[in-house]
Amino acid sequence: MTSTTASAVDASATDALARLAAVIESRLPARGGDPDRSYVARLLHKGPDAFLKKIGEEATEVVMAAKDADHGGDRQKIVNEVADLWFHSMIALAHYGLAPREVVAELERREGTSGIEEKALRKAQDREAREQ
C-alpha cells in the first residue's frame, strides 16, 4: 500500500468513526434519543452501568475470538467482536462528552514512542500527581 493509499484509508476510517459518533451523539437523552426506538438510546437511558457492562462483555468476546483463531477458528470473528467493542466504547465516549478524534489524537501522540517508555512516563506522572 502506498503512503497516498494509506492516507486515504486512514481518512476514510476516521470519517467512518466520525459519522458513527454523530449518530451515537444524536441518540443522547439530551438530544431526544428515544429508548423505545434505539438500542443506543436505550443503553444511554439505562446509564453508565449498562454500556460499561457491554464494553466488558465485548472485550471478553474479543479475547474468546482471538483464542479461537489461535486454534483454527475464523479470524473474521475477531474483527466482528472488535467492531462491537469499539461501538460500545464510542457510546461511552459520547456519554462522557468525548469523541473518537480524541482517541485518535492520543494514539497519534504516542506514535513512535516505545510502549515501555510510555508506560514508565505515565507511572512517573501518576506518582508525581499523588505527591502533590
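Predicted model: local features only at pLDDT ≥ 70, side-chain atom pairs only at ≥ 80, totals over all residues.

Student: What span should helix α4 have, and how far apart are its end C-alpha atoms?

Tutor: Helix α4 covers residues 76-95, where helices are DSSP runs of H or I of at least four residues, numbered from the N terminus. With 20 residues at 1.5 Å a residue, α4 should span 28 Å, the expected span being 1.5 Å times one less than the number of residues. The end C-alpha atoms of α4 are 29 Å apart, which agrees.

Student: Which residues of α4 are buried?

Tutor: They are E81, L85, H88, M90, I91, A92, L93 and A94, with buried meaning under 20% relative accessible area, exposed over 50% and partly exposed in between, for a 1.4 Å probe and protein chains only.

Student: How do α2 and α4 cross?

Tutor: The axes of helix α2 (residues 39-46) and α4 come within 11 Å and cross at roughly 55°; these axes are lines fitted to C-alpha atoms over the stretch in contact, with angles running from 0 to 180 degrees between N-to-C directions. The two helices are therefore oblique to each other, a label for angles that are not under 35 degrees (roughly parallel), over 145 (roughly antiparallel) or 65 to 115 (roughly perpendicular).

Student: And which residues meet there?

Tutor: Y39, V40, L43 and L44 in α2 meet F87, H88, I91 and H95 in α4, where contact means heavy atoms within 4.5 Å.

Student: Switching topic, how many aromatic pairs are there?

Tutor: The count comes to 1 aromatic pair, taking rings of Phe, Tyr and Trp (its six-membered ring) with centres within 6.5 Å, and calling planes under 30 degrees apart stacked, over 60 edge-to-face and the rest tilted. F51 and Y96 form this edge-to-face pair, at 6.3 Å centre to centre with 75° between the planes. F51 lies in helix α3 and Y96 in the loop between α4 and α5, so the pair ties together parts that are 45 residues apart in sequence.

Student: Is F51 buried or exposed?

Tutor: F51 is buried, with a relative accessible area of 0%, whereas Y96 counts as partly exposed at 48%.

Student: Last one: what does E58 contact?

Tutor: E58, in helix α3 (residues 48-70), counts as buried at 4% relative accessibility. Leaving aside neighbours within four places in sequence, E58 is in contact with E81, D84, L85 and H88.

Terms used: Residues numbered from 1 in each chain as written. Heavy atoms only, no water.
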